[in-house]
Amino acid sequence: MAELLTHVLAAYVLATALSWRYEWLTAPYVTVAMAGAITPDLSRFDLLVPAETIEATFGVPFDWGAFHTLGGTTLVVAIGSLLTPARYRWKVAAMLALGALSHHALDLLLINPSGYSYSVFWPLMQYQPPTPNIYLSSDRWPALISGLVAAIVWAVDRRLVEEPVDEQSPTPK
């Protein structure tokens, strides 16, 4: 659970920092980025509904693990953006992608006994990039650090919202 929180907070930090630069990136889009950070973990639905159940029901091969790849992420982002009104579509797609890509970037840092990460670029290639083995998915310290950084970003964001810069006011002499 700490890993999921880490992914959501990392997406919050990235999207909030980008909102300082882009006016269109408002709080609802920050929330979409946070939701996008969860999408690669749709692969964990196998704990609720085994792939064999879906295969037996629909009669086609199925694997939940595909959601935790670039191909699965692209599919989820495409479906998520198509389910939104056309005027919001590209912004929602961008924020879902930002959250999902931040998730993949953090997962590339996980400790893996083989020294290699998962096939993140599937279906384009089976390449498994080497991992620097920085943390385990069960470690709590990444959640603590991301929580601290998120709190700092939240405080800075509140300060920026409370004190808007007025470019037309005269400068004091």
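This is a predicted model: local features need pLDDT of at least 70, side-chain atom pairs count only at pLDDT 80 or more; totals for chains, interfaces and linings use all residues.
### The whole chain

Now step back to the chain as a whole. How many helices and strands does the chain have? The chain has six helices and zero strands, and reading along the sequence gives the pattern α-α-α-α-α-α. The C-alpha atoms fill a box of roughly 75 × 40 × 30 Å, taken along the principal axes. Of the 173 residues in the chain, 35% are buried. If you take the contacts between residues at least 6 apart in sequence, 59% of them join residues at least 24 apart.

### Two helix pairs

Two packed helices are described by the angle between their axes and the distance between the axes.

| Helix pair | Angle between axes | Distance between axes |
|---|---|---|
| α2 (residues 27-36) and α5 (residues 89-107) | about 45° | 6 Å |
| α4 (residues 70-82) and α5 | about 155° | 9 Å |

Begin with α2 and α5. Their angle is about 45°, and α2 and α5 are therefore oblique to each other. The crossing of α2 and α5 is right-handed. On the α2 side, the contact is made by Y29, V32, A33 and G36, while α5 brings K91, V92, M95, L96, L98, G99 and A100. Sorted by kind, the residues of this contact of α2 with α5 are eight nonpolar, two polar and one charged.

Next come α4 and α5. Why are α4 and α5 called roughly antiparallel? Their angle is about 155°, and angles over 145 degrees count as roughly antiparallel, so α4 and α5 are given that description. α4 passes α5 in a right-handed crossing. From α4 the contact takes L70, T73, V77, G80, S81 and L82, and from α5 it takes R89, V92, A93, L96, A97, A100, L101 and H104. The residues of the contact of α4 with α5 divide into nine nonpolar, four polar and one charged.

A93 is found in helix α5 and touches V77 and S81, not counting residues up to four places away in sequence. V77 and S81 are both part of the α4 side of the contact with α5. A93 and V32 are 61 residues apart along the chain, and their C-alpha atoms are separated by 9.0 Å.

Finally, find S43, which has its place in the loop between α2 and α3 (51-58). Is S43 buried or exposed? S43 has 13% relative accessibility, so S43 counts as buried. Leaving aside its neighbours within four places in sequence, S43 is in contact with W64, G65, F67 and H68.

How values were computed. Residues are numbered from 1 along each chain as its sequence is written. Side-chain values use heavy atoms; hydrogens and water are left out. Axes are lines fitted to C-alpha atoms, for helices over the stretch in contact, and angles run from 0 to 180 degrees between N-to-C directions. Helices (H or I, at least four residues) and strands (E, at least two) are DSSP runs, numbered from the N terminus. Angles under 35 degrees count as roughly parallel, over 145 as roughly antiparallel, 65 to 115 as roughly perpendicular and the rest as oblique. A crossing is left-handed if the near helix is turned anticlockwise from the far one by less than a right angle, and right-handed if clockwise. Contact means heavy atoms within 4.5 Å. Ala, Val, Leu, Ile, Met, Phe, Trp, Tyr, Cys and Pro count as nonpolar, Asp, Glu, Lys and Arg as charged, and the others, Gly among them, as polar. Buried means under 20% relative accessible area, exposed over 50%, partly exposed in between (1.4 Å probe, protein chains only).
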